[in-house]
Amino acid sequence: CHADPAGLFCPSCAAAVQETAGGDCPRCALWLGPHARIRRCRACAVSPPPFLRAVAWARYEGPVRDALHALKFRGQEGLARRLAAPLVARLRTERFVRRLDAVTCVPPVRGWFGPVHPAVWIGREVARALSRPWAPRLLARARRVTPQRALNRPARRRNVAGAFAGRPAARGKQVLLVDDV
């Protein structure tokens, strides 16, 4: 893709992006389809996750996946602002954003600000755009997890259950957690 300098994707790639607004589970952001009429996905109805809301601006496939991989695996930090922009636009439609105290990210595996940490890059941009404090150290890793990319959805949920804990500074705060996928 030869991205348009003013946007994230060229017109051809932009047409292939499937935005999720209105077709996702309001609890976990699982894509349910453009005509979904159910209130929650089955997994959230049976066993709700320990957070109140997840938001995704597009499905993780095609050009969106390629752009995130370029950010994550090739260290193209300049993509962070362009990837954050549609997420911020989607977040601005959510009522909970007005009550946010801070924006944070999933703690990285190797050090806080290692050479490549896309959740930090995207999170900083989201915090800046929403005029909220950037507080990257609100969470700590409680235990090691298996890399998520080879796991299916139920295994990913089990893998991260109890893997992170709020630090004392997070107590009582409404926090937006940003991750790169």
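Gly23 counts as buried, at 1% relative accessibility (buried means under 20% relative accessible area, exposed over 50% and partly exposed in between, with a 1.4 Å probe and protein chains only). This glycine sits in the loop between α1 and α2. Leaving aside residues up to four places away in sequence, Gly23 touches Leu30, Trp31, Leu32 and Gly33, where contact means heavy atoms within 4.5 Å. Gly23 also pairs up in space with His35: the two are 12 residues apart in sequence, and their C-alpha atoms are 6.5 Å apart.

A word on where these values come from. The model is a predicted one, so to speak of local features takes a pLDDT of at least 70 and side-chain atom pairs count only at pLDDT 80 or more, while totals for chains, interfaces and linings use all residues. Residues are numbered from 1 along each chain as its sequence is written, and side-chain values use heavy atoms, with hydrogens and water left out.

Ala29 has a positive phi of about 75°, although it is not a glycine. With 14% relative accessibility, Ala29 counts as buried. Ser131 is another residue other than glycine with a positive phi, here near 55°. Its place is the loop between α5 and β2 (139-141). Is Ser131 buried or exposed? At 62% relative accessibility, Ser131 counts as exposed.

Cys10 is buried, its relative accessible area being 13%. Cys10 and Pro63 are 53 residues apart in sequence, yet 9.7 Å lies between their C-alpha atoms.

Now for a pair of helices. The axes of α3 (residues 62-73) and α5 (residues 118-130) come within 9 Å and cross at roughly 110°; such axes are lines fitted to C-alpha atoms, for helices over the stretch in contact, and angles run from 0 to 180 degrees between N-to-C directions. The two helices, α3 and α5, are therefore roughly perpendicular to each other (65 to 115 degrees, with under 35 counting as roughly parallel, over 145 as roughly antiparallel and the rest as oblique). Which residues of α3 and α5 meet? Leu68, Leu71 and Lys72 in α3 meet Pro118, Trp121 and Ile122 in α5. The residues of this contact divide into five nonpolar, no polar and one charged (Ala, Val, Leu, Ile, Met, Phe, Trp, Tyr, Cys and Pro count as nonpolar, Asp, Glu, Lys and Arg as charged, and the others, Gly among them, as polar).

Zooming out, the chain has six helices and four strands, which are DSSP runs numbered from the N terminus (helices H or I with at least four residues, strands E with at least two). Along the sequence they follow the pattern α-α-α-α-β-α-β-α-β-β. The radius of gyration of the chain is 16 Å, close to the 16 Å that the globule rule gives for 181 residues, so the chain is as compact as a globular protein of that length (the radius is taken over C-alpha atoms, and the rule is 2.2 Å times the number of residues to the power 0.38). Of the 181 residues, 37% count as buried. Among contacts with a separation of 6 or more, 67% come from residues 24 or more positions apart.
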